[in-house]
Amino acid sequence: QVQLVESGGGSVQSGGSLRLSCAASISRYTYSQYCMGWFRQAPGKEREGVAAFDEDGRVIYADSVKGRFTISLDKGNADTTLYLQMNSLRLEDTAMYYCAAYVGRGYCPGFRASGWTYWGRGTQVTVSS
C-alpha cells in the first residue's frame with residue numbers, strides 16, 4: 001500500500017508563493033515504474049490536473065499554471081518526494097491540492113483523475129487579495 005502525505009499549504013496573498021510537498025512511501029526499488037502528479041479541487045468544481053510526470057519523465061502542466069508552477073521529483077532509495085513550487089499565485093488557484101501516484105506498467109494517466117492509483121488527503125491553498 002502506497003501512502004501519500006501532502007504538506008506546505010496555507011494562506012497567501014495574491015502574487016505570493018508556496019511550495020507544496022508530497023511524501024510518498026514509494027521507490028524505484030519497490031516499483032519498477034510509477035508516476036506522480038498534482039491535482040486540485042475547488043469548492044463546487046471537479047478535480048483537475050495541475051502538473052504531472054509522464055512515463056518518460058516529461059512534465060505536463062495545465063494551461064492555467066504554465067509559467068507559474070513547477071513540479072519536481074526527488075527519488076530517494078526508500079521513498080520519493082514530489083514538490084510543487086507555486087509562484088505568482090492568483091485568487092483562482094485557491095483549492096485543495098492533492099498528490100497522486102500511479103503504479104504499474106504502461107502509460108501514466110496524465111490529467112485523467114480516474115486513472116491514478118493512490119491519492120493523498122490534500123493540503124489547502126487559499127489565495128486572498
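The link of C35 and C108 is left-handed, with -65 degrees about the S-S bond. This is a predicted model, in which local features need pLDDT of at least 70 and side-chain atom pairs count only at pLDDT 80 or more, while totals for chains, interfaces and linings use all residues. Residues are numbered from 1 along each chain as its sequence is written, and side-chain values use heavy atoms, leaving out hydrogens and water.

**Disulfides**

- The structure holds 2 disulfides, a disulfide being a pair of cysteine sulfur atoms within 2.5 Å.
- In the disulfide of C35 and C108, the sulfur atoms are 1.6 Å apart.
- This pair links distant parts of the chain, 73 residues apart: C35 is in strand 4 (residues 34–41), and C108 is in the loop between strand 9 and strand 10 (118–119). Strands (E, at least two residues) are DSSP runs, numbered from the N terminus.
- C35 counts as buried because its relative accessibility is 2%, where buried means under 20% relative accessible area, exposed over 50%, and partly exposed in between (1.4 Å probe, protein chains only).
- C108 also counts as buried, at 12% relative accessibility.
- C22 and C99 form a disulfide with sulfur atoms 2.1 Å apart.
- The link of C22 and C99 is left-handed, with -75 degrees about the S-S bond.
- C22 in strand 3 (residues 18–24) and C99 in strand 9 (residues 95–103) are 77 residues apart, and their pair links distant parts of the chain.
- Both C22 and C99 are buried.
- Counting bonded cysteines along the chain, the disulfides follow the pattern 1-3, 2-4.

**Nonpolar cores**

- The largest nonpolar core has 31 residues, of which L4, M36, W38, L84, M86 and Y97 touch the most other members. A nonpolar core is a set of buried Ala, Val, Leu, Ile, Met, Phe, Trp, Tyr and Cys residues joined through side-chain atoms within 4.5 Å.
- Two or more residues of this core come from each of strand 3, strand 4, strand 5 (48–53), strand 7 (69–75), strand 8 (80–86), strand 9 and strand 11 (123–128).
- Strand 9 gives the most to this core, with 5 residues.
- Another core, of 7 residues, lies apart from it and includes C35, F39, A52 and W116.

**Surroundings of F69**

- F69 lies in strand 7 and counts as buried, at 2% relative accessibility.
- Leaving aside residues up to four places away in sequence, F69 touches R40, V50, Y61, L84, Q85, M86, N87, L89, D93 and Y97, with contact meaning heavy atoms within 4.5 Å.
- F69 and T81 are 12 residues apart along the chain, and their C-alpha atoms are separated by 17 Å.

How values were computed:
Helices (H or I, at least four residues) and strands (E, at least two) are DSSP runs, numbered from the N terminus.
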